[in-house]
Amino acid sequence: MSIDVLETLDVRTLQKESARALLTMDGTSHGIARFNKLAHHNSQNWYKAVLTAYIEEHGGLPCDVGPAKDLVLFSETIGL
C-alpha cells in the first residue's frame, strides 16, 4: 500500500488509525520522539508520520493488516 492513501483520510480516521498503530509500537518517550521530529507542532503530520512507519513495516493501514488489525478502540465500542 502506498502512503499516498494518508492524504485521503479525514482527521478522525487519522487519529483512530494512528492510535491503533501506536498500541503496537514502542510507546515510550524515546519511541515516539522520532515522530515529534517529523511533525513539529502539527498533529495531522504527526498522525501521518506514525502511519507511514506502520505502513512501511506492515504494508497497510492498522485496521487492515499487521498486529493492530484486530484491535478495537474503546471509542468504537461506544459508537464514536
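Predicted model: local features only at pLDDT ≥ 70, side-chain atom pairs only at ≥ 80, totals over all residues.
Is Lys48 buried or exposed at 17% relative accessibility? With that value, Lys48 counts as buried, because the cut-off for a buried residue is under 20% relative accessible area.

**Salt bridges**

Side chains of opposite charge can pair when their charged atoms come close. The structure contains four salt bridges. In one of them, Lys48 is the partner of Glu7, and the closest N and O atoms are 3.2 Å apart. The two residues belong to distant parts of the chain: Lys48 lies in helix 3, whereas Glu7 lies in the segment before helix 1 (11-22), and 41 residues separate them. The surroundings of the partners can also be described. Glu7 has a relative accessibility of 59% and counts as exposed, while Lys48 is buried at 17%.

A further salt bridge joins the side chains of Glu17 and Arg20. Here both partners are in helix 1, three residues apart, which is about one turn of the helix. Glu17 has a relative accessible area of 6% and is therefore buried. Arg20 is likewise buried, with a relative accessible area of 6%.

Arg20 also forms a salt bridge with Glu76. Because Glu76 is in helix 4 and Arg20 is in helix 1, this pair ties together parts that are 56 residues apart in sequence. Glu76 counts as partly exposed, its relative accessibility being 29%. Together with Lys16, the residues Glu17, Arg20 and Glu76 are linked in a network of salt bridges.

| Glu7 | Lys48 | 3.2 Å |

**Aromatic pairs**

The count of aromatic pairs comes to two. Phe35 and Trp46 make up one of them, in an edge-to-face arrangement with 5.9 Å from centre to centre and 80° between the planes. This pair links distant parts of the chain, since Phe35 belongs to helix 2 (residues 29-38) and Trp46 to helix 3 (residues 43-58), eleven residues apart. Phe35 is buried, with a relative accessible area of 2%. Trp46 is counted as buried at 15% relative accessibility.

Trp46 also pairs with Tyr47, again edge-to-face, with a centre to centre distance of 6.3 Å and 80° between the planes. Tyr47 has a relative accessibility of 15% and so counts as buried. Through these pairings, Phe35, Trp46 and Tyr47 form one aromatic cluster.

**Ser75 and its contacts**

Helix 4 (residues 74-77) includes Ser75. Which residues are in contact with Ser75, leaving aside its neighbours within four places in sequence? They are Arg12 and Leu80. With Arg12, the side chain of Ser75 makes a polar contact to the side chain, at 3.5 Å. Ser75 counts as buried, because its relative accessibility is 15% and the limit for a buried residue is under 20%.

**Summary**

The aromatic cluster consists of Phe35, Trp46 and Tyr47. In helix 4, Ser75 makes its polar contact with Arg12.

Terms used:
Residues numbered from 1 in each chain as written. Heavy atoms only, no water. Helix = DSSP H or I, 4+ residues; strand = E, 2+ residues; numbered from the N terminus. Buried < 20%, exposed > 50% of the residue type's maximum accessible area, 1.4 Å probe, protein only. Polar contact = N/O pair within 3.5 Å; in protein donor to acceptor, adjacent residues only side chain to side chain. Contact = heavy atoms within 4.5 Å. Phe/Tyr/Trp six-rings, centres within 6.5 Å; stacked < 30°, edge-to-face > 60°.
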